[in-house]
Number of protein chains: 2
Amino acid sequence: MKIIRVNMDHLETRWEPVLPAPALSPAEGYERLGGRALIAKILLTEVPPQCEPLGPNNKLIFAPGLLGGTSLSSSGRLSIGGKSPLTGGIKEANCGGNGGSDLARLGVKALVVEGQPADGKLHQLHISGETVELLPAEEWRGLGTYDTAAKAQERWGADCTVISIGQAGEFLMSAAGVVCTGHREQNSRIAARGGLGAVMGSKGLKAIVLDSAGTAALPLADPKLFRTSARRFAKELIESPRTGRKGATHMYGTSAIVAAVNEMGAFPTRNFSTGSFEAAENLYGQRLREITLERGGKVGTACMRGCVIACCNMFVDENGKPIVSTLQYETIGLLGSNLGIGTLDEIAHLNRLCNDFGLDSIEAGAALGVAAEAGLARFGDKNSFVSLLEEIAAGSVLGRVLGQGAAVAGRVLGVSRVPVAKGQAMPAYDPRALKGNGVTYATSPMGADHTAGNAFGIRQAVDPLAAAGQCEASLKLQLDVTMLDSTGLCLFARPPVFGDPQLMVDLINGRFGWGWSVADLEEFKKTVLKMELEFNEQAGLTSADARMPEYMTREPLPPHNTVFDVPDAELDAIFSAL
Amino acid sequence: MKIIRVNMDHLETRWEPVLPAPALSPAEGYERLGGRALIAKILLTEVPPQCEPLGPNNKLIFAPGLLGGTSLSSSGRLSIGGKSPLTGGIKEANCGGNGGSDLARLGVKALVVEGQPADGKLHQLHISGETVELLPAEEWRGLGTYDTAAKAQERWGADCTVISIGQAGEFLMSAAGVVCTGHREQNSRIAARGGLGAVMGSKGLKAIVLDSAGTAALPLADPKLFRTSARRFAKELIESPRTGRKGATHMYGTSAIVAAVNEMGAFPTRNFSTGSFEAAENLYGQRLREITLERGGKVGTACMRGCVIACCNMFVDENGKPIVSTLQYETIGLLGSNLGIGTLDEIAHLNRLCNDFGLDSIEAGAALGVAAEAGLARFGDKNSFVSLLEEIAAGSVLGRVLGQGAAVAGRVLGVSRVPVAKGQAMPAYDPRALKGNGVTYATSPMGADHTAGNAFGIRQAVDPLAAAGQCEASLKLQLDVTMLDSTGLCLFARPPVFGDPQLMVDLINGRFGWGWSVADLEEFKKTVLKMELEFNEQAGLTSADARMPEYMTREPLPPHNTVFDVPDAELDAIFSAL
């Protein structure tokens, strides 16, 4: 596998061999890295940590995980990374769909976009088995991601994967994500967080088209070991009471947890002012499934080829017309309860607009909540939020404020209740009632990001309302997900490999023949976090950036009326053992 | 002298004794500190450096200098400080007028405003020889600083000094300063920088009224030493070819340097895109003096009682009606050449609006320049900028964006050419053509602030276009001004005490009898900078915040076509010898 370098200064592309790993250590060279780990290494090696995130010295990296492009279930997530304009630190965001698998099958270990076109024009990059071409895309300026994908597939073929930005990315908004088409009706997967869509916009890149026709699954160093392990992995997922055909994950997708988070009192409601929502029942996963099936939508579909979990849905309107695929938990929280909106139809509509404009629904939802608190919209009134989203797509001054995310919106609008960490909006778990997530939001190199270490899953083991034990728990979670994010595996596919790390080692060894042990795997996880922390330190992030917003340490959250009280000293010590 | 504590949580005030200095070291206790030094010490002692600048844990401090309230010429500057919402670090800004002298004569070493009123109401603080009272001021909400001062003087007497915020401070804008009435027609002195007006707004404090009637000059430990030294000080200023009656400082005020900075190619023009302005001649100090005198305005007046330099002006319109007192160099740069505006009348009009709304003309001017680059106004078209300033005063969304200053304006509007350091707009010396100022902007704990160490005055000794020697020069300047800012002395009054540090020591010893030596003075200067750097480090500022904007290291500035090229390693080492 090779690296594709795309130089936007000179509009040139080239293939480049992969920097070999001189030693076994994953911290050396690029060879033994993938996805999030490879992004960390490239950024630390090639990008000045103090650079302007939207300037020519930042790089935007697309990397499949180490196991991408194989037949392994749920392994095709695409990692996208760069220095974040939102947090000022390192960022990796990943998405489902076929982008990761396609890129891997095309032989691409990483696609690295560098520089900035002098003329400010938009371009598209087309990658197939034979060619890599950079072509004009000015004619797509101003299009949403749905239309961009349609135009690109019209030109290059319906089976191509299209990775694109919407208006938000073109306007260099920090709430802009990168949208990727997925399997069948799953046409809007999004690497949402950290403003990577703005980085793509700053590179003058409107879309990347992947044509993997004629490619095959990647070669295996030890086919027998790999296939045995992959089969066991799939079998465990299929037979699991959680991810199997009768499990909540398959049946309800991420929305399965609405009820539980609301009952915990951690469901962000009306700009994080309370943790339970009176209309939460209307948003339950079961309700989502019922409505969808009644109307002829779909549930239990896959976002990527060959995923045995199949957690996705296609939410449709009363006439069966698709609104959004997939309507997810975080979106239900941030565009739903957080805005006082209590119907799935309304949330789905707002979600579609976010996807189309290329906006992170978490960041946008948090910014809309702040706007409502400032009196620019009304909690519970969907149309008032639709108007604000349309301002974002139009690039009006108000839209540009909101498009920069919750922190800028709060500062400009004079609102002090702003749910962010490292400048990034919190996902749908209020950290005052799920304190382990507060620790992750504060300390993760990724900022407020549940996928960096979500303590919801360990709520039985660690009391979510207690301050004690949260740092230890968060650290373990943060380490574990680095491996998922570096192999292309979905978070939902974690039980088999978390339960038996040897299985992950066997998959790696089966694919590459590196002879890894479980100890190597543990070392790998630490290395990833350490590289990211090192980048952030050089970028100027300090313990001051590893805090909850001050108001959350002071303002009790109903119904438990707790504040975030994990001591600063514990937060500061979390990585001391790495 | 005592400290007045104003608790805005409970709307209470109290007098408090001064924390004694247990040793000679100025770093111990509050006793041997004043102005900027005292502010640094109080913040470092009492304010959590990571606090929200606009939250209840920040404090807003007003402190006269050590020599304030005496008969010494030019010693009455008032220092105002707190954690800055603009830079996220420590901030001291000082202004002329009678505020410093009045506060000192009222026996106040520092006025410390703490907490935040729960009801969000506005208040006024009245201090006289007998009483300290906190009273409602909701009826002044929305008033500009001119009207606020008029109302306050109507109520409390025309001789009172009024310190107030305008609309910008009420809206918590980071470009908001604190405005202080001065001597006679000098009714609008402003501690402009760092957003301290927003901190005052966040405390719910609209105005402070100082009634020093019946007070006298402060007692002297060694009257003979003090008076001899003070006489020598005044004599040197009066007889100096620079500050004396025929000197440029007295004749033209700060505007004396327009010609020289323009000739150096460092005069910010059209959003810092070039360093010389074709209409600069219209803005020369000589021209300002001519026009003013022709129209019956005033030149050569004093902003504070007893100043022998008297550098101020009252700029009037064609009918002799006052527009602004004083029209100053930085304003001429930022609201003039930086906006492509080439007449003093137009600049004075914009200046008056800034003063009235309580806006830093540097920060506002830089934000307007960014707005023009974004197409929201037209360089050279005054009315387009008046409209934008009116948006700020009205608190519209656009106004709130611009009121947050140049950095936020650039981020929201998608402009990458944003002349800021530590998030604060640069004064009117482009650092690519006056590199010593670039070093000061980057490294000073105060952010981009010429008063923290202005290399313009040493341009003959250190080549402003060379990278070499700038850090050493800047460090010396930065150290020297700490003493001015801590004694209440004006920058224009520096020659006698810079020329002979023993004179400063004699003044201190004459006033207090501390038995200081010149070595103690040198130690004092270092202590001030070290306290400020310590606060900033704890607040999370790092070397990443000690940089010029990336574009200034890349984009050559006409006419010399130089970039800022002082090496990062030199910037990082500047304070290593402290």
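User: What does the accessible surface of chain A come to, and how much of it belongs to carbon and sulfur atoms?
Analyst: Bear in mind this is a predicted model. The accessible surface of chain A is about 18,500 Å², and carbon and sulfur atoms account for 50% of that.

User: How many of the residues of chain A count as buried?
Analyst: 66% of its 578 residues do.

User: And what's the secondary structure of chain A?
Analyst: Chain A has 21 helices and 17 strands. Its C-alpha atoms fill a box of roughly 55 × 50 × 50 Å along the principal axes. If you take contacts between residues at least 6 apart in sequence, 68% of them in chain A join residues at least 24 apart.

User: Which surface do the copies meet through?
Analyst: Through the same surface, because 100% of the interface residues of chain B are interface residues in chain A as well.

User: Let's pick a helix. What does H3(A) span?
Analyst: H3(A) covers residues 145-156, so 12 residues. From first C-alpha to last it reaches 16 Å, close to the 16 Å expected at 1.5 Å a residue.

User: Which residues of H3(A) are buried?
Analyst: Thr145(A), Tyr146(A), Thr148(A), Ala149(A), Ala152(A) and Trp156(A). They sit on the same side of H3(A), because the arc they cover around the axis is only 165 degrees.

User: And what follows H3(A)?
Analyst: Gly157(A), with a positive phi near 115 degrees.

User: Switching to chain B. Is Glu363(B) buried or exposed?
Analyst: Buried, because its relative accessible area is 0% and the cut-off for buried is under 20%. Glu363(B) is in helix H12 of chain B, residues 361-373.

User: What does the side chain of Glu363(B) reach?
Analyst: The backbone nitrogen of Ala406(B), at 2.9 Å. Leaving out residues up to four places away in sequence, Glu363(B) also touches others, including Leu86(B), Ala175(B), Arg193(B) and Gln424(B).

User: Now Tyr441(B). Where is the place of that one?
Analyst: In helix H16 of chain B, residues 435-443. Tyr441(B) is buried too, at 0% relative accessibility.

User: What lies 2.9 Å from a polar atom of the side chain of Tyr441(B)?
Analyst: The backbone oxygen of Tyr429(B). Among the residues Tyr441(B) touches, not counting those up to four places away in sequence, are Met426(B), Pro427(B), His450(B) and Met548(B).

User: How far apart in space are Tyr441(B) and Ala546(B)?
Analyst: 8.0 Å, C-alpha to C-alpha, although they're 105 residues apart in sequence. Arg547(B) is 106 residues from Tyr441(B) along the chain, and their C-alpha atoms are separated by 8.2 Å.

User: Where is the place of Arg547(B)?
Analyst: In the loop between helix H20 (518-539) and helix H21 (568-573) of chain B. Arg547(B) counts as buried, at 14% relative accessibility.

User: Which side chains does the side chain of Arg547(B) make a polar contact with?
Analyst: One is Asp568(B), at 3.4 Å. Another is Asp572(B), at 3.0 Å.

User: Last one: which residue of chain A does Arg547(B) touch?
Analyst: Gln50(A). In chain B, Arg547(B) touches residues including Ala421(B), Ala442(B) and Leu571(B).

Methods:
Residues numbered from 1 in each chain as written. Chains lettered and ligands numbered in written order. Predicted model: local features only at pLDDT ≥ 70, side-chain atom pairs only at ≥ 80, totals over all residues. Heavy atoms only, no water. Helix = DSSP H or I, 4+ residues; strand = E, 2+ residues; numbered from the N terminus. Buried < 20%, exposed > 50% of the residue type's maximum accessible area, 1.4 Å probe, protein only. Polar contact = N/O pair within 3.5 Å; in protein donor to acceptor, adjacent residues only side chain to side chain. Contact = heavy atoms within 4.5 Å. Expected span 1.5 Å × (residues − 1). Arc of directions from axis to C-beta. Areas by Shrake-Rupley, 256 points an atom, 1.4 Å probe, with all protein chains shown as cover.
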